[in-house]
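Subject: Structure for you to look at

Hello,

Here is the structure I promised. Please open it and keep it beside this email as you read.

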Amino acid sequence: MSLLDSVLPSEPTKKMMMNEPVETLFNKTASNLVGKPINRVDGSLKVSGQAPYSAEIHRENQVYGVLVSAKIAKGWIENIDSSALDDIPGIIKVVTDPKHFLRNAQQGGETKAPTQGVSEIFYHGQPIAVVVAETFEAATEGANALKVSYKDETEQAALNFTKELTNAHDIDEKKGSDKNAINGDPEQGLADSAVTLDRFYHTPSQSNSPMEPHATLAYWEDDKLIMYTSNQMIAPCKQQVMDALDLNKDQVQLISYYVGGGFGSKLGIAPESIAAAISAKELGRPVLISMTRPQVMEATVRRSNTRQRIAIGCDKDGIINTMIHDTITSNLPGEAFFEPTALSTKYLYRGENRRVNYKKVDMNQVLSGSMRAPGEAVGMIAVECAMDELASQLDIDPIELRRRNEPEQDPSQDIPFSTRQLIACMEQGAEQFGWDKRNAKPASQLEGDWWIGTGMAASARGNQLKPSEARATLQVDRSKELGIKAIIETDMTDIGTGSYTVFSQVAADLLGLPIDHIEMKLGDSELPPASGSGGSVGAASAGSGVYLACEQLREMLADKVGLYPDTIQLDNGQIKQAGEHNPSVTEAAIESVKNKAEDLKDKVAEKTGLPLPTATDKKFDFTNFHSYALADVVADYDEQKISAKGQIKPGKNGKSHRQASFGANFAEVAVHRVTGEIRVKRMTGAFAAGRILNHKTATSQCYGGMVFGIGSALMEEVIHDKRDGRLCNHDLAEYHIPVNADVPQLKVILVEEDDPYTNPMHIKGIGETAISGAAAAIANAIYNAVGVRVYDFPITLDKLLYELPE
């Protein structure tokens, strides 16, 4: 049963499955708000501190909990001694529940609870208890004082990825984001190729590190659990809580009005959520648990480290015939998730012989799961660095090599692309960046003490549509200039990506209202269920629910006033008839118009002063209709409001056509000739992602993706101690991410595209597309600067120091 099937619509509902290409109403609206770079509608709330995040919600009689984490990597809890807490003022209780506490966080979209039970320790940092106190400070002191004894089996723990490679095992293809695949005879194709490249690439674990730490405020109203929690996907997270605590759907409410970033770490529930719920139940008081930064990094999610083999075979002109992408990733024992590094490898370049193969090793380290652009973010490091090296080997321009290997259709499935603008992205990006002025020969440009180099890489990220639902209500509101407002409701979240804004634009455009006449309600499980924020599906999926709900309202209004829904125009609070009358109109339809006109004539005339014309015969000219105030038409409904729902589901299009966003990243770097220090001087990204809902927020998403690429290329690396499993750099002082001084001025080009196969808005995800290939562009620029290929990321100066040119 899907999330949507559990909610029976009480209002008229517009349903759509994407089984064929569809037109979009955005071509017919008068305001054309969609696409405009308007400011965030919630911006003033955020900069003034009025946007409520989960840890900022306060309830009467609230207390504070602090998680206690395991200090071993593998073993069992023998005893928890709380006697040392007796003399700490404000301590209330040490809460333990070895059966129901979460061992680790859950993956995105799952409807079952994550692994429960904490008596057995699987990784250093695993939460095992909660100290609850009247103040956060007292709870922190108590958590630090709690004494836990273990049966320590750390010596048997799997802590060294390299040593564990021999124990790699097959993945569970039924539960992963990708599948193993083979076309032709890849190994023989490689052996027969005139030119080959065969390399291993290593990428480290990375931390999602959202600005807002994971936090949950839980309290009970009789037998109903209410949780203000920082989650990206409300509907599945609610089901995870239900499963973890054996509750039914009426007993759980999750609220996430604002989420301060997640990047995948908040797709599923994390250990603090169930601990807060259990503690609140035991104490009969609201309990807030906010993870510390070390706890976020130690006990939520990491991106898996990888070892990737890329093998490419081609002829002397660079035409690829063979592409092999084999990957080994890691995760906790019993967990099915693996990093799907080859998602885009399957369709990015031509080649009749192809293989994608995944294996996994079990490690006693924090759960690996989705981190922004799971799969492509690190998989395209390997693929795009290999393509650059192949271009150098063939003495072909890197863009030209990619152009020669542009497939006519998806080479892994023999299905067409819905749209594919990779060449356009490369061409427009190259022109803006000045690619034609680059030095093709490595280590050929020295400016003072700095070697200068440029590099590029393609970007690709698969596009998906997820089931989503929304409600739209038009309601008389005389405090508004036009006397009416629209209320849009869906449990979709805003994690900083601009959901409040872009959905307001969609509704305002379709309903013909100013943006300040839209009231957006998000992030509450009591609202219609949507996809949530993750996987670049949120705007397209949840936005389509909003779109369809508004379309249903348009049809209901057209029926109310006797107009045609396909030519009705809503503009600035007025209902109009757009275009010429429908020549296929029947006599019965004309009679219907006459009846509706007579019914409304007196009411509308009284309120607007505009008489409603009456249709007299089949030659009636619909273009002669007056416009009518939307507020007055809605006032004629019961309770002076009208509601409708929209519901989107994926259909045949997702299988009949390869849907993806494409782009190209360009980078210029400087490498110090003595120290090996690397500075990114400038970056340009060109991306095509269907229609753009808001050029400002889309550009901002691309900025974020490119900055992620800088971090992935040069600095981000989770380091676990191979002796005891401790996370060595568990805070932002030691886990390095790009700051302002690391980031140059970025240039983003949004390449025009319209994709009718994706959804009724013709849009695709863009933020994760910008990450894909960004790190590779920087790595390729470093090679161009100093002639050194690095296969072990991140590229730190020690990996260059002894190979720098004289």
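Start with strand S3 (residues 75-81): two bridges join this strand to S5, and the two run antiparallel. Keep in mind that the model is predicted.

Now widen the view. S3 and S5 belong to an open sheet of three strands, in the order S5-S3-S7. The pairing is antiparallel. Strand S5 (120-121) and strand S7 (147-152) are the edge strands, and each pairs on one side only. As background, strands of a sheet pair through backbone hydrogen bonds.

Next, the backbone angles. Most residues other than glycine have a negative phi. Two residues here are worth a look.

- Asp395 is not a glycine, yet its phi is positive, about 60°. Look for Asp395 in the loop between helix H9 (376-394) and helix H10 (398-404). Is Asp395 buried or exposed? Asp395 has a relative accessible area of 71%, so it counts as exposed, the cut-off being over 50%.
- Ala443 also has a positive phi, near 50°. Its place is the loop between helix H11 (422-433) and strand S20 (446-447).

Last, a peptide bond. Most peptide bonds are trans. Which form does the bond from Phe793 to Pro794 take? That bond is cis, with omega near 0°. Pro794 sits in the segment after helix H19 (774-786).

Best wishes

Methods:
Residues numbered from 1 in each chain as written. Predicted model: local features only at pLDDT ≥ 70, side-chain atom pairs only at ≥ 80, totals over all residues. Heavy atoms only, no water. Helix = DSSP H or I, 4+ residues; strand = E, 2+ residues; numbered from the N terminus. Buried < 20%, exposed > 50% of the residue type's maximum accessible area, 1.4 Å probe, protein only. Pairing = 2+ DSSP bridges.
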